[in-house]
Amino acid sequence: MNPIIKLSNVYVGYGKTNVLDNINLQINELDFIGIIGPNGAGKTTLLKTLLGLITPTSGEISILNYPVSQGRKYIGYVPQVLEFDRAFPILVEDVVRMGRLSKKRLFHRYNSHDEKIVTHCLEQVGMIKLRGRSIGELSGGERQRVYIARALASQPQILLLDEPTANVDSKIQKSIYELLKELNEYITILLISHDLGAISTHVKTIACLNRTLHYHQDKLITAQMIQDTYQCPIDLIAHGIPHRVLPDHDRQ
């Protein structure tokens, strides 16, 4: 396995309050990891730390053997879909072009190479026919595909997604996960979600995060992982989804 992201003894806090405690994680090339956890567990903070938007209070992070300040250029980021002013005048293709900004020097115009990449990314996510449509006219699922295309336009090696299927119906959710599975053939993916049932079906491995991280580099989840993460006993993880119980975590 070729590790492309490594976090060693990482602590992250706001003021005197720790949000992430002693995070140790190795992400290998072409992993597809789903991270679950309750609200306020530090999931989005973890992604922002990998993007260099938050600086750890201690610990080390490397991305493709670079520090975060250099390695983050290899990351594409898809934030949560939030409501916005639907009358804001911006086209689908303009949103995707924004993904090329990190590749441009200041005041340099987009060129034909950029346009080819924008077109290719729209084709990848099945949105090429809507490239001239206003972003405000799209459904939540369509907008999410556009945001994925924007992230792909930066030609990343790693894709981070924050709740990529929030507020979309099950049919759209399935189509987005199928798209991510195709992208995972050549891009490493890390996503966070509240929906254990959905990600259990689609990701390769699952981690549980609630300030501390539980990860076995496996898709299998223990009852102890769920209890430690959600701070309550859970008898049934996901009906109809194959799983087996692993040994409890070592107590420290």
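## Salt bridges

A salt bridge is a side-chain nitrogen of Lys or Arg within 4 Å of a carboxyl oxygen of Asp or Glu. The whole of this predicted model contains 8 salt bridges. Side chains of opposite charge can pair when their charged atoms come close.

One of the bridges joins the side chains of aspartate 94 and arginine 97, with 2.5 Å from N to O. Both residues belong to helix α3, where they are 3 residues apart, about one turn of the helix. Aspartate 94 has a relative accessible area of 30% and is therefore partly exposed, whereas arginine 97, at 14%, is buried. Aspartate 114 and arginine 100 also meet through their side chains in a salt bridge, with an N to O distance of 2.9 Å. Because aspartate 114 is in helix α4 and arginine 100 is in the loop between α3 and α4, this pair ties together parts that are 14 residues apart in sequence. Aspartate 114 and arginine 100 are both buried.

A further salt bridge is formed by arginine 131 and glutamate 115, whose closest N and O atoms are 4.0 Å apart. This pair links distant parts of the chain, as arginine 131 is in the loop between α4 and α5 and glutamate 115 is in helix α4, 16 residues away. Glutamate 115 counts as partly exposed, with 25% relative accessibility. Through shared partners, salt bridges join Glu93, Asp94, Arg97, Glu115 and Arg131 into one network.

## Overall make-up

The protein has 252 residues, and buried residues make up 50% of them. Its secondary structure consists of 8 helices and 9 strands. Of the contacts between residues at least 6 apart in sequence, 66% join residues at least 24 apart.

## Nonpolar cores

The largest nonpolar core has 43 residues, and Ile148, Leu159 and Leu180 are those with the most contacts inside it. Helix α5, residues 140–152, supplies the largest share of this core, with 6 residues. Apart from this core lies another one of 30 residues, including Val10, Val12, Leu160 and Leu209.

Which residues does isoleucine 148 contact, leaving aside its neighbours within four places in sequence? They are Val78, Val125, Leu161, Ile176, Leu179, Leu180 and Leu183.

## A nonpolar surface patch

On the surface, Met98, Leu101 and Tyr110 form a nonpolar patch; together they have about 270 Å² of accessible area. Leucine 101 is part of the loop between α3 (92–97) and α4 (112–124). Arginine 100, the salt-bridge partner of aspartate 114, is also in the loop between α3 and α4.

A pair of aromatic rings is described by the distance of the centres and the angle of the planes. The structure holds 1 aromatic pair. This pair consists of tyrosine 66 and tyrosine 74; it is stacked, with 5.9 Å centre to centre and 20° between the planes. Planes under 30 degrees apart count as stacked, which is why the pair has that label. Tyrosine 66 is partly exposed at 35% relative accessibility, and tyrosine 74 is partly exposed at 21%.

Tyrosine 77 sits in strand β5, residues 75–78. Its relative accessibility is 24%, so tyrosine 77 counts as partly exposed. Not counting residues up to four places away in sequence, tyrosine 77 touches Leu47, Leu51, Ala151, Leu160 and Asp162. Leu160 is also among the residues of the 30-residue core. Between the C-alpha atoms of tyrosine 77 and serine 154 there are 9.6 Å, while 77 residues separate the two along the chain.

## Asparagines with positive phi

Most residues other than glycine have a negative phi, and most peptide bonds are trans. Asparagine 9 has a positive phi, near 50°, although it is a residue other than glycine. Asparagine 9 lies in strand β1, residues 3–14, and is partly exposed with a relative accessible area of 42%.

Asparagine 65 has a positive phi of about 70° and is not a glycine either. Its place is in the loop between β4 (58–63) and α2 (68–71). Is asparagine 65 buried or exposed? With a relative accessible area of 64%, asparagine 65 is exposed.

Notes: Residues are numbered from 1 along each chain as its sequence is written. This is a predicted model: local features need pLDDT of at least 70, side-chain atom pairs count only at pLDDT 80 or more; totals for chains, interfaces and linings use all residues. Side-chain values use heavy atoms; hydrogens and water are left out. Rings of Phe, Tyr and Trp (its six-membered ring) pair if their centres lie within 6.5 Å; planes under 30 degrees apart count as stacked, over 60 as edge-to-face and the rest as tilted. Buried means under 20% relative accessible area, exposed over 50%, partly exposed in between (1.4 Å probe, protein chains only). Helices (H or I, at least four residues) and strands (E, at least two) are DSSP runs, numbered from the N terminus. Contact means heavy atoms within 4.5 Å. Patches are made of residues with over 30% relative accessible area and no salt bridge: like charges are joined within 9 Å, nonpolar side chains (Val, Leu, Ile, Met, Phe, Trp, Tyr) within 5 Å. Accessible areas come from the Shrake-Rupley method with a 1.4 Å probe; for residues, only the protein chains shown count as cover. A nonpolar core is a set of buried Ala, Val, Leu, Ile, Met, Phe, Trp, Tyr and Cys residues joined through side-chain atoms within 4.5 Å.
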